[in-house]
Amino acid sequence: MKQISRIKIIVTVIVMVGLVSCTKDLDREPFYGINASTVYNDAANYKKVLAKVYASLAVTGNQGPSGNGDLTGFDEGSSGLLRCMWNLQELSTDEAVCGWNDPGIPELHNMTWDAENPWSRFAYYRLFVIIPLCNEFIRESADEKLEKRGFTDAEKAQIKGFANEARFVRALAYFYALDLYGNVPFVTEEDLPGSGFPKQITRIDLFKYVEDELKEIEGLLVAPKANEYGRADKAAAWALLSRLYLNAEVYAGTPRYADAAAFADKVITNGAFQLEGEFKNSFNADNEKSTEVIFPVTYDGKYTTTYGGTNYIIHAMVGATMTALNYGINSGWGGLRTTSALVNKFDTLDTRYMFYSKGHTLEITSISNFADGYAVTKFTNLRRDGQSPKSKEFVDTDYPVLHLTDVYLTYAEAAIRGGGDINKAVSLVNALRERGYTNTSSNITAGDLTLDFILDERARELLWEGYRRTDLIRHGKFTTATYLWPWKGGTSNGQAVESFRNLYPIPVSDLVANTNLTQNPGY
């Protein structure tokens with residue numbers, strides 16, 4: 001049961017920087033005349049509002065799949081956090097191209113985006129809907145408010161636990177802001193709505209804030225796998241900390257590879273999460289059964305309907321001669337494929353080689369032609385038994401935001417960079433490769449474990465999971481000529497682009513609205 005996606009949501013109003021998010025029952029039974037004090041006077045309502053906090057990562061508004069969105073000024077179906085963030089993380093790299101000429105899509109391939117790019121703009125605004133939503137929940141969970149409302153000790157303890165989960169979601173949102181934009185507006189529960197425009201926090205200070213929040217709540221969240229599916233626990237905080245530290249040199253200028261390895265090791269040695277026997281089991285319609293997904297964004301074809309998230313990935317990867325029902329959906333949208341640079345990193349004996357090539361060319365002559373470039377078939381709306389759910393228009397497949405395989409590879413890379421045990425790193429990488437190469441040996445030795453190898457292994461293991469841009473930046477290969485792929489920089493053979501594109505721009509509309517903000521260099 002994907003519990004968190006099935007809970008009905010009561011109205012909460014959040015206002016920040018001119019953005020208003022009015023959340024209503026996702027099952028389209030809106031309440032009227034309810035204000036915050038009325039909602040929070042009932043202890044039972046806290047879990048319902050917490051559901052909206054989690055749902056804000058998955059859906060775009062209060063009525064799925066569209067029609068009552070949190071944001072205006074853009075097609076609602078395209079404005080979900082994961083769809084926007086996935087496009088920013090993948091379409092700007094060797095891992096994905098999209099054949100549509102939707103506004104902003106070609107500019108991501110060509111690496112020519114500007115401060116008006118809709119995908120960058122709506123990822124930014126989506127984060128700054130999620131953050132104040134979390135702030136409001138945390139503010140209403142303060143000790144003095146719970147005491148004033150006369151809740152029992154048991155109710156207060158439960159609500160404080162919920163608030164710690166909201167702090168995790170807020171830290172995750174700020175992590176994305178840190179990674180994508182660097183220097184952003186900063187507000188916490190201490191900043192009341194309407195009290196003034198937020199000040200801009202530097203990337204270094206935001207890194208420190210996310211680090212401190214996660215380290216504080218790691219001791220307050222429940223034990224790994226002790227929570228309902230889809231909700232945060234200690235392992236989620238450890239995994240996010242390990243990712244934060246792996247990128248610390250980019251984010252804050254100081255390497256923290258020993259810390260990256262240490263927090264990855266906490267997840268690994270705890271033992272609550274284990275590798276699946278089959279790679280594909282973490283990317284299908286019943287991947288809530290997966291033993292390696294640490295923190296997902298959950299989707300349900302009936303209860304969390306959206307044109308973003310995994311629904312976007314799975315529908316958009318199918319087209320041309322592909323049969324939609326073979327992937328558990330009713331139709332393909334014919335958009336997403338990958339480049340030859342990515343395909344060529346795989347051995348065809350590797351079960352992670354999940355490409356559709358019939359009628360397709362390996363090389364992309366025209367991005368707009370779906371048959372140019374192999375389709376990626378990693379995500380499906382099929383269950384483990386090969387059957388599809390009743391809903392084929394909207395998928396049941398959850399998105400693995402924090403994944404054990406990333407934790408393994410984080411430890412390995414940190415070890416290569418001097419932060420961990422290289423022999424343990426080899427063992428972890430071989431565990432992934434032994435699963436991938438079921439019919440042949442693919443084990444590596446310590447001599448094989450180089451930075452170039454681990455970057456390619458991350459591409460093989462984490463394809464289309466939203467890591468690629470960040471990985472390429474960390475390895476100095478995103479904007480430079482060190483690594484070229486087809487259509488990088490808008491040329492068929494690829495070319496280097498300006499280094500300022502390691503960050504996305506602050507939207508012009510927010511710069512105009514908030515004079516405390518300064519644009520990222522180059523835009």
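Is the crossing of helix 3 and helix 5 left-handed or right-handed? It is left-handed. The model behind this report is predicted.

## Helix 3 against helix 5

Helix 3 covers residues 81-91, and helix 5 covers residues 118-139. Their axes lie 9 Å apart. The packing angle is about 135°. Helix 3 and helix 5 are therefore oblique to each other.

Helix 3 brings L81, R83, C84, M85, N87 and L88 to the contact. Helix 5 meets them with W119, S120, F122, A123, R126, L127 and I130. By class, the contact of helix 3 with helix 5 has nine nonpolar, two polar and two charged residues.

## V210 in helix 8

V210 sits in helix 8, residues 203-217. Its relative accessibility is 0%, so V210 counts as buried. Leaving aside residues up to four places away in sequence, V210 touches A171, Y174, F175 and L244.

The chain also brings F168 into the picture. F168 and V210 are 42 residues apart along the chain. Their C-alpha atoms are separated by 9.4 Å.

## L428 in helix 15

L428 belongs to helix 15, residues 422-436. Its relative accessibility is 8%, under the 20% cut-off, so L428 counts as buried. Beyond residues up to four places away in sequence, L428 touches I268, Y408 and Y411.

T405 and L428 are 23 residues apart along the chain. The distance between their C-alpha atoms is 9.1 Å.

## Salt bridges: the total and a link between distant parts

Side chains of opposite charge can pair when their charged atoms come close. How many salt bridges does a search of the whole structure find? The search finds 44.

One of them joins the side chains of R170 and E189, at 2.7 Å from N to O. This pair links distant parts of the chain, 19 residues apart. R170 is in helix 7, residues 153-180. E189 is in the loop between strand 4 (184-186) and strand 5 (199-201). R170 has 2% relative accessibility, so it counts as buried. E189 is partly exposed, because its relative accessible area is 22%.

## A pair within helix 8

K208 and E211 also meet through their side chains in a salt bridge, with 3.9 Å from N to O. Both residues lie in helix 8. They are three residues apart, about one turn of the helix.

Is E211 buried or exposed? E211 has 4% relative accessibility, so it counts as buried. K208 has a relative accessible area of 43%, so it is partly exposed.

The side chains of R383 and D385 form a salt bridge at 3.7 Å, N to O. R383 has 31% relative accessibility and therefore counts as partly exposed. D385 has a relative accessible area of 51%, over the 50% cut-off, so D385 is exposed.

Which residues are linked in a network of salt bridges? The network links E292, D350, R352, R433, R435, E457, R460 and E461.

Notes: Residues are numbered from 1 along each chain as its sequence is written. This is a predicted model: local features need pLDDT of at least 70, side-chain atom pairs count only at pLDDT 80 or more; totals for chains, interfaces and linings use all residues. Side-chain values use heavy atoms; hydrogens and water are left out. Helices (H or I, at least four residues) and strands (E, at least two) are DSSP runs, numbered from the N terminus. Buried means under 20% relative accessible area, exposed over 50%, partly exposed in between (1.4 Å probe, protein chains only). Contact means heavy atoms within 4.5 Å. Axes are lines fitted to C-alpha atoms, for helices over the stretch in contact, and angles run from 0 to 180 degrees between N-to-C directions. Angles under 35 degrees count as roughly parallel, over 145 as roughly antiparallel, 65 to 115 as roughly perpendicular and the rest as oblique. A crossing is left-handed if the near helix is turned anticlockwise from the far one by less than a right angle, and right-handed if clockwise. Ala, Val, Leu, Ile, Met, Phe, Trp, Tyr, Cys and Pro count as nonpolar, Asp, Glu, Lys and Arg as charged, and the others, Gly among them, as polar. A salt bridge is a side-chain nitrogen of Lys or Arg within 4 Å of a carboxyl oxygen of Asp or Glu.
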